[in-house]
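Biologist: I have just opened a new structure and would like to learn how to read it. Could you take me through it feature by feature?

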Amino acid sequence: AWDLDPGVRFLNHGSFGACPRAVLEAQSRLQAELEREPVQFMARRLPSYLDEARESLASFMGAAASDLVFVPNATTGVNTVLRSLTFEPGDELLVTNHGYNACSNAARFVCERAGAEAKVAEIPFPLQSEQQVLDAILAAVTPKTRLALIDHITSPTGLVLPIARIVRELRERGVETLVDGAHGPGMLELNLDEIGAAYYTGNCHKWLCTPKGSGLLHVRRDLQDSVRPTVISHGANSPRADRSRFQVEFDWVGTTDPSALLVIPTAIEYLGGLIDGGWPAIWDRHKRQALAARELLCSALDVPEPSPPDMIAALASVP
């Protein structure tokens, strides 16, 4: 079903993913349609195509389609939010030592430019409980904390953080959360409305197996007016009666190939049909296989398991 090299055991799916042939074929058909009549496709058909893809993805992720826009990847999503906000000298932006380097760099960049500080919460690893994560993050909050950038699933350690609890506890302290959910879509069942983060960004080209360059940004409705794409284009002064300025601006940021985004519904349906039980069975299988592999490694290296099983989904790290 995949074009992966049969001579390689491809275990690093979390970095860039791999796309099934069936999804690539659907993308090729859309690219052919685009090239047959580029103006008709981009100017006339694309808005409705994007709406269809957005509705499908929003349903899959427990969100309203009106709160979701597309970005090329989660790093772009993080940059988009950080560059939309205004930081003042003395403000603090909270990150963790388990954060993704690219996004931590973005946090440091906006802080350096504004005279603010990127403060690091030191989450231990190995660890014994989710509470240690929450305690480490809350201990780093001060009256100067403006925003927290927190991974949902940590890239370097593979931990599923208790993100809904983190978001709730931070908001009770007056701090909003930008969730780097790069690995979220397709790795585990999501309900973005229940998580309640101010901002949640993720990749579809990892565990949803879409073509490269397909990601999402979910913004809580009360904050959408303040979030602008990193590229300002026609949407800034081209309102539409059937959608918000938030969506209009992100739907058109110049000439790009949108086909990777448009086959998101194809990927959701195709992968969900690969095994009996659909997506819940896939999530269960991910977890069981990751834990089994971790157990083998820990046994071979004679080291204890570094985190509780309930903090693992499809990634596992062993010191």
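Modeller: Gladly. Helices (H or I, at least four residues) and strands (E, at least two) are DSSP runs, numbered from the N terminus. Contact means heavy atoms within 4.5 Å. This is a predicted model, where local features need pLDDT of at least 70 and side-chain atom pairs count only at pLDDT 80 or more, while totals for chains, interfaces and linings use all residues. Residues are numbered from 1 along each chain as its sequence is written, and side-chain values use heavy atoms, with hydrogens and water left out.

Biologist: How do I read a nonpolar core, and which residues touch the most other members of the largest one?

Modeller: A nonpolar core is a set of buried Ala, Val, Leu, Ile, Met, Phe, Trp, Tyr and Cys residues joined through side-chain atoms within 4.5 Å. The largest one here has 67 residues, and Leu57 and Ile137 touch the most other members. Helix H3 (residues 38-60) gives the most to this core, with eight residues. There is also a second, separate core of 26 residues, with Leu85, Val95, Tyr199 and Val227 among them.

Biologist: Which residues is Leu57 in contact with, beyond its neighbours within four places in sequence?

Modeller: Leu57 contacts Leu68, Phe70, Cys204, Leu208, Leu216, Ile264 and Ile268.

Biologist: Leu68 and Phe70 bring me to the strands. How should I read those?

Modeller: In a regular strand the side chains alternate between the two faces of the sheet. In strand E1 (residues 68-71), Leu68 and Phe70 point one way and Val69 and Val71 the other way, and all are buried.

Biologist: Which strand do the bridges join to E1?

Modeller: Two strands pair if DSSP finds at least two bridges between them. E1 is joined by four bridges to strand E7 (residues 215-219), and the two run antiparallel. Leu68 stands opposite His218 in E7, while Val69 has Leu217 as its bridge partner. E7 is also joined to strand E6 (residues 199-203) by five bridges, again antiparallel, and there Gly202 stands opposite Leu216.

Biologist: Are the faces of E7 covered or open?

Modeller: Both faces are covered: Gly215, Leu217 and Val219 on one side, and Leu216 and His218 on the other, are all buried.

Biologist: Now the rings, please. How many aromatic pairs does the structure hold?

Modeller: A pair of aromatic rings is described by the distance of the centres and the angle of the planes. Rings of Phe, Tyr and Trp (its six-membered ring) pair if their centres lie within 6.5 Å; planes under 30 degrees apart count as stacked, over 60 as edge-to-face and the rest as tilted. The structure holds five such pairs. In one of them, Phe60 and Trp283 are tilted, at 6.2 Å centre to centre and 45° between the planes. Phe60 lies in H3 and Trp283 in helix H12 (residues 278-301), so this pair ties together parts that are 223 residues apart in sequence.

Biologist: Which other ring pairs with Trp283?

Modeller: Trp279 does, in a tilted pair with 5.8 Å between centres and 35° between planes. Both lie in H12, four residues apart, about one turn of the helix. Phe60, Trp279 and Trp283 form one aromatic cluster.

Biologist: Last, a loop residue. Is Thr154 buried or exposed?

Modeller: Thr154, in the loop between strand E4 (145-151) and helix H7 (163-172), counts as buried because its relative accessibility is 0%. Its side chain reaches the backbone nitrogen of Leu159 at 2.9 Å. For contrast, Arg36 in helix H2 is exposed, with a relative accessible area of 64%.

Methods
Buried means under 20% relative accessible area, exposed over 50%, partly exposed in between (1.4 Å probe, protein chains only). A polar contact is a pair of N or O atoms within 3.5 Å; within protein, one must be able to donate a hydrogen and the other to accept it, and residues adjacent in sequence count only if both atoms are side-chain atoms.
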